[in-house]
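Subject: Structure handover

Hello,

Here is the structure I said I would pass on. Please keep it open while you read the notes below.

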Amino acid sequence: MSDNLTLNPSLAELCIAACSEAFRANGEVVATGVGPVPRLAASLAKLTHTPELMMTDGEAYLVEQPVPLGPRGDYRPRFAGHLPFGRFFDSAVWSGRRHAMVTPTQIDRFGQINLSQLGGTHQKPKTQMLGVRGFPGNTIYHPNSFFFPNHSPRVFVPGEVDMVSGVGYNPAKRIAGGNFNAVDLRLIVTNLCVMDFGGKDHAIRVISLHPGVTFEQVQEATGFELEAGDLRETALPSGEMLAIIARLDPHNIRASVIKDNPPARQSEGGSAA
Amino acid sequence: MSAPTVKPDKRMSPAEIVAQLSDGMTIGIGGWGPRRKPMALVREILRSDLKDLTVVAYGGADVGMLCAAGKVRKLVFAFVSLDAIPLEPWFRKAREAGQIDVLELDEGMFQWGLKAAAFDLPFLPTRVGLGTDLAELGGLKHVQSPYDDGEVLVAMPALKLDAALLHVNRSDWRGNVQGFGPDVFYDEWFAKAAAKTYVSCEELVPAMEDAYPGDAQANFVERCFVGGVVEIPCGAHPSMMSPAYGWDMKALKAYTDAARDPGEWSQVADRFVGASEADYLASVGGKEAVTALPLPVF
């Protein structure tokens with residue numbers, strides 16, 4: 001639709017649309033998006049290309065209509081099913097019937113992720129964060145994707161992450177006889193680009209660049225060498241997608257995700273060709 | 001009218017419950033982060049001389065306070081978080097000071113360890129932990145399937161608890177508990193993993209079959225796993241107790257801020273623990289204020 005050219009989506013909205021692609025054709029699995037952009041992305045996927053997705057209200061009930069973010073006035077979610085934590089590992093994680101999109105603190109070239117601690121030792125970390133949470137189980141059992149609002153070498157670290165909280169494709173960590181068949185890292189969306197694990201031996205590969213971003217810029221912001229795929233420009237969200245996003249995020253929480261909430265087209269209002 | 005005959009009668013006072021605990025014990029605490037935490041019993045521990053505890057919890061302010069007060073020798077955890085305040089500040093201080101030993105686990109491994117303990121097994125096998133640093137850091141061993149597949153798995157050791165503490169919506173004198181709200185998390189398995197489980201509740205009735213016979217499906221763990229019960233309305237404050245009350249974000253914020261200024265637990269313990277539970281409840285506005293706390297929106 002030529003309308004798209006007159007729309008002025010934000011970079012966060014472009015990221016939501018790009019993240020939603022991770023859930024395309026996933027089938028009847030629980031789509032978990034942790035944080036505003038991944039959650040809106042899973043919701044957008046369910047309301048557009050992949051209606052068979054399952055999702056929760058953010059707590060313990062399954063809903064067929066994604067729940068909007070933040071205070072919601074008279075809106076009452078309607079519950080279709082129940083998925084409490086008491087059954088979560090049986091029903092969703094250890095059965096592989098889930099795809100989670102999360103934002104770890106660090107990720108390395110093997111796709112290993114860290115949410116637990118930075119620096120120091122395990123006995124005395126320099127910075128204690130949340131703990132490994134469910135990352136070890138998620139990454140050995142079901143597909144995972146990632147969203148990072150601030151692509152930098154502090155996130156995409158050189159070497160390895162400080163504490164391996166989630167399984168990656170590091171051959172040194174593959175103990176003999178272990179079953180790693182379900183390790184399935186899918187998509188990485190950042191404020192600069194979209195990447196997958198389709199490079200050599202699952203190396204991280206840039207597959208699309210957000211408008212105005214160069215591969216060199218992405219490489220510069222990454223602590224390890226990236227592969228370049230068939231580089232395209234990341235698609236802008238359509239007017240229909242933007243309307244859904246706006247309805248699901250009536251308080252515009254998405255505007256606070258990426259620093260200064262820039263537009264998707266960096267030269268917006270300038271000399272864009 | 002004669003007093004009802006109810007046997008067994010498991011009623012205890014909070015002080016009697018804490019008197020059953022001793023230094024060096026391994027204590028499981030039910031709930032999840034800032035939800036369904038037996039905070040009144042935790043405060044009773046904080047008023048006692050107990051020390052050198054191994055605490056096993058999906059941690060929230062319970063873990064933060066026990067760490068801050070120097071009660072914890074070792075922590076078994078998958079996370080410690082106040083949810084809307086992601087990083088638990090007092091836990092963080094204890095960790096960054098190298099003050100406590102830890103066994104860090106995945107959330108699913110954690111409940112698997114409780115189940116191993118519940119079934120009196122030495123371990124249960126799992127793939128979880130493979131490919132991460134958990135096994136090496138935690139001294140977890142591997143085990144090979146004796147069948148044709150020969151798969152190598154992590155042997156998740158039983159998390160045997162000397163005692164478990166839970167907060168539930170209702171109980172009767174015999175320990176027939178009922179849990180409401182969307183999720184009772186792994187409280188059942190804390191109870192079954194423990195040699196003795198002590199339960200505080202919002203409402204205590206003599207006999208559940210007389211008071212609430214229609215709600216028996218909410219009985220998430222059988223009474224043979226409940227050793228002692230006590231009524232403590234608002235006993236989960238400042239954590240959330242669905243559907244009775246939401247978490248007290250103002251109180252949690254004050255508790256968080258205190259970790260920075262003054263940053264010394266001994267200077268603020270009075271505020272967050274109180275000389276007695278009655279004092280504590282009064283200091284946060286009483287039952288009226290707590291039960292008026294709205295449930296959070298997710």
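Which elements of chain A do the buried residues of α2(A) pack against? They pack against α3 (36–47), β5 (98–102), β10 (144–148), β11 (185–190), β12 (193–196) and α7 (239–248) of chain A. Helices (H or I, at least four residues) and strands (E, at least two) are DSSP runs, numbered from the N terminus.

Before the rest, some conventions. This is a predicted model, in which local features need pLDDT of at least 70, side-chain atom pairs count only at pLDDT 80 or more, and totals for chains, interfaces and linings use all residues. Residues are numbered from 1 along each chain as its sequence is written, while chains are lettered from A and ligands numbered from 1 in the order in which they are written.

Chain A has a mean pLDDT (the predictor's confidence in each residue, from 0 to 100) of 95, and 96% of its residues reach 70 or more. Over residues 268–273 of chain A the pLDDT is below 50, and this stretch has 4 contacts in the model beyond near neighbours in sequence. Two residues are in contact if their C-beta atoms, placed from the backbone, lie within 7 Å.

Back to helix α2 of chain A, residues 11–20: 10 of its 10 residues are buried. A residue is buried if 20 or more other C-beta atoms lie within 10 Å of its own, exposed if 12 or fewer, and partly exposed in between, with C-beta atoms placed from the backbone. Among the buried residues of α2(A) are A:Leu11, A:Glu13 and A:Ser20.

Chain A also has an open sheet of 3 strands in the order β2-β3-β4, with antiparallel pairing. Strands pair if DSSP finds at least two bridges between them. β2 (55–56) and β4 (79–82) of chain A are at the edges with a single partner strand each, so one side of each has no neighbour in the sheet. β2(A) pairs with β3(A) (residues 61–63) over 2 bridges, and A:Thr56 has A:Leu62 as its bridge partner in β3(A).

Chain B contains 12 helices and 11 strands. Of its 298 residues, 55% count as buried. The C-alpha trace of chain B spans about 65 × 50 × 40 Å along its principal axes.

Finally, the two chains touch: 39 residues of chain B are in contact with 44 residues of chain A. On the chain B side, α5(B) gives the most, with 4 residues.

Regards
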